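Hi everyone, thanks for coming. Today I'd like to walk you through one protein, so please have a look at the sequence and the structure on the screen.

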Amino acid sequence: MYIETEATPNPQSLKFVADRAVLGLGPDGRPAVGRDFPAPETAERAPLAAAVFAVKGVKGVFLGPDFVTATKDETLDWATLKPSIIAAIADHLASGAPIVLADDGNGSAHDQPSTSLDEYEGEDREVVEQIIELIDTRVRPAVAADGGDIVFKHYEPRTGVVFLSLHGSCQGCPSSTMTLKAGIENMLKHYVPEVVKVEPVI
């Protein structure tokens, strides 16, 4: 079992990359949407996240396709926490125990779009399909490299506003607003003229 660590733009979050799948691939064959656990009580149905929370000082856990992002209490340093977190992840993955329990495997509500694609019609549906495709192919891989994930939530055809939800190290990161505005918003506006702006939602 080999686990390497990578820094993220958020100094309180560290990415732990495993040499095997964590969430793996979703039903569509693409990397699974990450699962965010902002507090220990949210990880009741996620044994791996619960194991990481058992390390004193861990405040948040995010599970990605092949990585775990841990967010720590800002009063502690990584040199103290890192070995214990690596051990917790390695022990859990090596044990073969479930990552998330089977009956809770579809993600919690905040990991899913708040508006289904089926609710859009005609040109609006085409716009949303373009937005989702761009996010999946151009944005999510880059965000995953920083230990997080991004989920499409809603598009308002009347105003041209796209609502996205940031997870993992991106949540609460000082540079996340800049990433949304300078990066994702500009890219979506370039490829999808109907998009006017991008707004974050929790």
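This is a predicted model: local features need pLDDT of at least 70, side-chain atom pairs count only at pLDDT 80 or more; totals for chains, interfaces and linings use all residues.

**A walk through the model**

Residues are numbered from 1 along each chain as its sequence is written, and side-chain values use heavy atoms, with hydrogens and water left out.

Now the overall picture. The protein has four helices and eight strands; helices (H or I, at least four residues) and strands (E, at least two) are DSSP runs, numbered from the N terminus. If you read along the sequence, the pattern is β-β-β-α-β-β-α-α-β-β-α-β. Of the 202 residues in the protein, 45% are buried.

How many aromatic pairs does the structure hold? There are two. For the rule, rings of Phe, Tyr and Trp (its six-membered ring) pair if their centres lie within 6.5 Å; planes under 30 degrees apart count as stacked, over 60 as edge-to-face and the rest as tilted. Phe-16 and Trp-78 make an edge-to-face pair, with 6.5 Å from centre to centre and 65° between the planes. This pair links distant parts of the chain: Phe-16 sits in strand β2 (residues 13-18) and Trp-78 in helix α2 (residues 78-95), 62 residues apart. Phe-16 is buried, at 1% relative accessible area, and Trp-78 is buried too, at 15%. Then Phe-62 and Phe-67 form a tilted pair, because their planes are at 35°, with ring centres 6.0 Å apart. Phe-62 is buried as well, at 1% relative accessibility.

Next, the charges. A salt bridge is a side-chain nitrogen of Lys or Arg within 4 Å of a carboxyl oxygen of Asp or Glu, and by this rule the count is six. Let me show you some of them. Arg-20 bridges to Asp-19, with the closest N and O atoms 3.7 Å apart; Arg-20 is partly exposed at 38%, and so is Asp-19 at 45%. Glu-199 and Lys-197 meet in another salt bridge, 3.2 Å from N to O. Salt bridges that share partners also join Asp-136, Arg-140 and Asp-149 into one network. Within it, the closest N and O atoms of Arg-140 and Asp-149 are 2.9 Å apart. Are these two buried or exposed? Arg-140 is buried, with a relative accessible area of 11%, and Asp-149 is buried at 4%.

Last stop: the surface. Glu-121, Glu-123, Asp-124, Glu-126 and Glu-194 form a negative patch. Patches are made of residues with over 30% relative accessible area and no salt bridge, where like charges are joined within 9 Å and nonpolar side chains (Val, Leu, Ile, Met, Phe, Trp, Tyr) within 5 Å. One member, Glu-123, lies in helix α3 (residues 122-145), and Glu-123 counts as exposed because its relative accessibility is 64%.

Notes. Accessible areas come from the Shrake-Rupley method with a 1.4 Å probe; for residues, only the protein chains shown count as cover. Lys and Arg count as positive and Asp and Glu as negative; His and the chain ends are not counted. The place of a charge is taken as NZ of Lys, CZ of Arg, CG of Asp or CD of Glu. Buried means under 20% relative accessible area, exposed over 50%, partly exposed in between (1.4 Å probe, protein chains only).
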